[in-house]
Structure formats: C-alpha cells, structure tokens
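Dear colleague,

Please find the structure below, handed over for your records.

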Amino acid sequence: MSMVDEHGRDDLAADMRAVARSQDREAFRRLFDYYAPRLKAYLRRAGAAGDAAEDLAQEVMLTVWRRAWQFDPAKASLSTWVFTIARNKRIDALRRERRPDMQLDDPSLQPEPPPRGDNVTELFRMSQLVMRAVEDLPEEQSRLLKIFYFEEKPHGAIAEELGLPLGTVKSRLRLAMARLRTVLAKAEGAKAEGSAVE
Amino acid sequence: MSAAIELDELLMAHAAGRLAEPVALVVASHLFLSPVSRGRYRFFEAAGGALLDKLEPEPVQQDGWGRMSALLDMSEPEPPPVHAGRRRAVATDDGLVLPLPLRAYLPGPVEALPWRNYGPVAEADLPLADPEFRTRLIRLKAGRSVPRHTHEGNELTLVLHGSFHDIQGHYRRGDLAIADAGVDHQPTADADGDCLCLAVTDAPLRLTGSIGRLLNPFLRL
C-alpha cells in the first residue's frame, strides 16, 4: 500500500510551487513532514550513523528550500527530484566523492526530439507507470531494489544478510530491472506511436 | 542470461548513485551525448523517487521542525541562474566538443595531457584518484587498429570524436562500447578520421580471481 494517495501527492506538488513562488513556510512544513522522515530512513540505510542521518536529511530539505526554483514538474516528479538531491548529498557527504553529473536543463545538451503535446501530462503518465511498476513488484524484488537504490552494500553482503546465494540476489535484481524495463518499453512505444500518428 | 553488463544496468546504477566515480564519469558523459539514454536514465531516477515514497519513514527528532526553521532563517534562497542570451556552454578544445562532465575533470586542454604514443595509438591518463580503475583518453589514428586483446576485467569506451568498429559493432560519437572479460577484440578507427575515446577499465590486478569477477566493481556489486 502506498503511503500517499494521488490526492496527497498533488497537494505536495502544489506546496512545492508555493515554496518556489513565495517561500511559503506553511507549505514547506508539509513537505518537511512528508519527506524528512523518508530522507532520514534513506540516509540511515545509506550508512549515516547516529544523528548524522537527521542532520543530512535537514541539509537535503534545506537544498529543497533554497533551490525551489529548480523544481520543474515537466522534468521530474517531486519525489524524483527530492530523491536526486538526497542521492547527490549521500555521495558527497557519505562517500566523499564527486558526482560527475550534468544539468539536465543545460542548453548545451545534445538536443532531444521536440516534445509532443503536453510534457507535464506525458511525464505524469510515465511517473504513474513507474510508480505502479514499483508497487506491483513481488515483495522480494522490491526489497532488493530498495537495497540497490538506498544502500552501499555490495551484493555479497546483501546475499549474506538475506541468507541467499549470490546468484539468486543477482538474478532477482535483474528480474526487477526487467519488470521496470517492460514498463519503460511500453512508455517509449506509446510515445513512438504518438509521434507516428502526428 | 549474459554475464556482461548491460547499458541499462549502468544507467540504473548511476541513477541509484552506486557507480564508482570513474565509471560515473563515463556514464554521465555518455548521457550528455545521448538523448535516448537520457530518457531511460530519467526513468530509473523516477523509480528511485517511487521507492523513496515507499520507504518506511523514520520519525525525526522532536525539535526537528524547530531546527529546520532555524536553518531557513539563516539561509537565503538561491537565485535562479541568469542565462545571458543563449550561452555557449559547450566546452571546446581545438574544435573538439567535449561533454561537460568530462571537461570538469581535465586539468587543461586535451593536447596538454601527458600523452604516450604507441604507434597507431596514443593514450593519456586522467587524474582520478580511485586506485581500482584506470581512466584515460585514447586516440586511435584513422584506419588503424589497437592490437588485438582480451580483457581481464571490464572496459567501457565512450566515443568522443570520430568513430571505430570491432566485432561487437560500429561506434560513433556518444556511443558507449561495453567489453567484459570474455571479449576478444581489435578496435579499428574508421578511415575518415582519428578517433578519440574516453575509456575506463578496472585495474587488472583486482580481477585476477573469480571473486573479483563476481563482485563487479563497476556496479559496486
């Protein structure tokens, strides 16, 4: 079961717009209440010990506040945007590495095909598909995917912890990825079909 | 099921933040040049967002919001960047257009790197600290081949300029060639020009045993 229904998620996106527009603290508090505990859980799993997980979650939320202008619902869902900020923070603070990255809005990027119709609608559709795909994963695959996304553990350690052979861990991860890819293929197929019609 | 790393695995691992820095550099540079991969990468990031929603929340400390408010009081919102017209952010180097993620790792112009020449091939190591990987630029003269070789470990090769082919296929600017331990190949630059690539290999010493191969350092597996 999802923690937030679609209605709740819409409200959060509206809160985010209010923060970007007018630094609305009440709206930000609602974002904090939803995201800070999840970020804390993520950063804990990524290896932040003791109070560090709480401190890092605060830093991520501070970035959300300060870079509110950067959130573009046409490019990513709110949770996805927050996830990428937390991920970069984790690499920076916990692994002490640089993250070679690109700004997706950089005008020097190799141009993409012009978007058809409404980008926001299309992106919303895709994130719905991704969300449903993640919801529908069998428990053991979704558990592994969370470990893959949120923890530093090498597969050997995961296998040990779950009491599974390494081969099983790897094949389950591949199965989870294959499921996501089926959804991706569907989304890309629909897109291609759409452009062919136009 | 093949043991070779697939492009999607790299994209997903990069979205999850699992790649070691040198591998992340190659993947980010590839993303810069490939709109198709960028779309797939965004999808894997979206999966990260969906998983974050599903994570069991860990309650914040009692004064969590109070501390957050204090941080907000002390901080100024970052102003959006001003794009002065259509800025030319592409890093050029003697007519060479390099992906920005890579540009950030070069100490100076490409020609000023410590190139070593081996006949048809020249290579220059990039200053990345990770001892588990070797990161370098490789230049292959037009129509010439790299001596035939197999791999002890994995090798990712991103074409930055020109093109090359080997038994696995034909690679143009922006294409990423993935070779694993099993590949026996002889990359040959196309006849119409020199080929410049960014390559990362896991240091052979690490992969001499079967353990090394199983615990694939490319994906931090």
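From the N terminus on, chain A runs α-α-α-α-α-α-α-α, that is, eight helices and zero strands. Helices (H or I, at least four residues) and strands (E, at least two) are DSSP runs, numbered from the N terminus.

This is a predicted model, in which local features need pLDDT of at least 70 and side-chain atom pairs count only at pLDDT 80 or more, while totals for chains, interfaces and linings use all residues. Residues are numbered from 1 along each chain as its sequence is written, and chains are lettered from A and ligands numbered from 1 in the order in which they are written.

Chain A. Of the 198 residues in chain A, 36% are buried (20 or more other C-beta atoms within 10 Å of the residue's own; exposed means 12 or fewer, and partly exposed lies in between; C-beta atoms are placed from the backbone). Among the contacts in chain A with a separation of 6 or more, 60% link residues 24 or more positions apart; two residues are in contact if their C-beta atoms, placed from the backbone, lie within 7 Å.

Helix α6 of chain A covers residues 139–150. Its twelve residues reach 16 Å from first C-alpha to last, close to the expected 16 Å (1.5 Å times one less than the number of residues). The buried residues of α6(A) include L144(A), I147(A) and F148(A), and also Q141(A) and K146(A).

The contact between the chains. Chain A contributes 64 residues and chain B 54. On the side of chain B, α1 (7–16), α2 (21–33), α3 (35–54), α4 (64–74) and α5 (100–103) each supply at least two residues. The most come from α3(B), with 14 residues. That side of chain B divides into 33 nonpolar, six polar and 15 charged residues (Ala, Val, Leu, Ile, Met, Phe, Trp, Tyr, Cys and Pro count as nonpolar, Asp, Glu, Lys and Arg as charged, and the others, Gly among them, as polar).

The strands of chain B. In strand β7 (residues 155–161), six of the seven residues are buried. β7(B) pairs antiparallel with β10(B) (residues 176–179) over four bridges, and six bridges join β7(B) to β13(B), again antiparallel; strands pair if DSSP finds at least two bridges between them. E155(B) has A179(B) as its bridge partner in β10(B) and stands opposite T201(B) in β13(B).

A199(B) lies in β13(B) (residues 195–202). A199(B) counts as buried because it has 20 C-beta neighbours inside 10 Å. Leaving aside residues up to four places away in sequence, A199(B) touches R136(B), I138(B), E155(B), L156(B) and T157(B).

With kind regards
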